[in-house]
Amino acid sequence: MVTGAPGAGKSTVVPELLRLRSKQLVVMDMDELLDHEGRVLGILIADKSAEQKWPAYNALWLRITELVRRSGTPVLLLTPGVPTELPEGRWLHLDCPDAIRRKRLAERGWPEEQITDALEDAAELRKLVPRSVPGDGTPEESAQLILAWVNE
């Protein structure tokens with residue numbers, strides 16, 4: 001599992017992970033089930049009002065990863081989740097400085113309240129998953145560091 005608060009670069013690094021992987025590895029981003037408006041099954045999943053649905057969404061992803069892993073293929077899941085929500089495998093944190101996160105999210109049109117929440121999420125993830133790689137370089141650089149960790 002590679003976690004990161006919004007704006008860390010999780011979705012941006014996926015194409016590079018796919019391009020650079022040297023062995024069989026399924027790479028998935030939790031956002032890939034969402035439609036272009038951020039909904040899954042009609043639910044705006046990232047909204048705080050959907051918080052009671054998050055355990056079911058996490059359970060869905062755990063089941064998806066189980067289905068792939070049973071074939072003997074390793075899975076790398078990029079998620080904003082934490083180990084207590086997705087208690088599977090090893091964890092790595094893709095992180096970036098708060099100023100960069102703030103800029104990325106503002107460029108996406110996020111309101112200040114959501115940006116503040118993302119900064120708080122990032123601070124919490126730094127405590128929960130202390131092993132990290134930087135997400136403020138190029139996507140290729142981040143992907144190389146993530147794949148080095150995968151291959152340990």
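Student: Which residues does alanine 5 touch, not counting residues up to four places away in sequence?
Tutor: Alanine 5 touches Lys10, Arg101, Ala118, Asp121, Ala122 and Leu125 on that count, where contact means heavy atoms within 4.5 Å. Before we go on: this is a predicted model, where local features need pLDDT of at least 70 and side-chain atom pairs count only at pLDDT 80 or more, while totals for chains, interfaces and linings use all residues. Residues are numbered from 1 along each chain as its sequence is written, and side-chain values use heavy atoms, with hydrogens and water left out.

Student: OK, and where is alanine 5 found?
Tutor: Alanine 5 is in the loop between strand 1 (2–3) and helix 1. Helices (H or I, at least four residues) and strands (E, at least two) are DSSP runs, numbered from the N terminus.

Student: Is alanine 5 buried or exposed?
Tutor: Alanine 5 counts as buried because its relative accessibility is 1%. Buried means under 20% relative accessible area, exposed over 50%, and partly exposed in between, with a 1.4 Å probe and protein chains only.

Student: How far apart are the C-alpha atoms of alanine 5 and aspartate 117?
Tutor: Those C-alpha atoms are separated by 9.4 Å, with the two residues 112 apart along the chain.

Student: Switching topic: which residues have the most contacts inside the largest nonpolar core?
Tutor: Val2, Leu17, Leu76, Leu78 and Ile146, in a core of 17 residues. A nonpolar core here is a set of buried Ala, Val, Leu, Ile, Met, Phe, Trp, Tyr and Cys residues joined through side-chain atoms within 4.5 Å.

Student: Which elements give two or more residues to this core?
Tutor: Helix 1 (10–20), strand 5 (75–79), strand 6 (92–95) and helix 5 (139–150). Helix 5 gives the most, with five residues. Apart from this core lies another, of 14 residues, with Val75, Leu77, Leu86 and Trp91 among them.

Student: What does leucine 76 touch?
Tutor: Leaving out residues up to four places away in sequence, leucine 76 touches Val2, Leu17, Leu25, Val26, Val27, Met28, Ile146, Trp149 and Val150.

Student: At what angle do helix 1 and helix 5 pack?
Tutor: About 60°, with their axes 8 Å apart. Axes are lines fitted to C-alpha atoms, for helices over the stretch in contact, and angles run from 0 to 180 degrees between N-to-C directions.

Student: And which residues make the contact?
Tutor: On helix 1, Thr12, Val13, Glu16, Leu17, Arg19 and Leu20; on helix 5, Pro139, Glu140, Ser142, Ala143, Gln144, Ile146 and Leu147.

Student: Which residues of helix 1 are buried?
Tutor: Lys10, Val13, Val14, Glu16 and Leu17. Their cover includes strand 1, strand 2 (26–29), strand 5, strand 6 and helix 5.

Student: What about helix 3 and helix 4, what's the angle there?
Tutor: Helix 3 (residues 98–107) and helix 4 (residues 112–128) pack at about 145°, with their axes 10 Å apart. Asp98, Arg101, Arg102, Leu105 and Ala106 in helix 3 meet Glu112, Ile115, Ala118, Leu119, Ala122 and Arg126 in helix 4.

Student: Last one: where is aspartate 95 found, and is aspartate 95 buried or exposed?
Tutor: Aspartate 95 is in strand 6, and aspartate 95 is buried, at 12% relative accessible area. Setting aside neighbours within four places in sequence, aspartate 95 is in contact with Arg101, Arg126, Val133, Pro134, Gly135 and Asp136.
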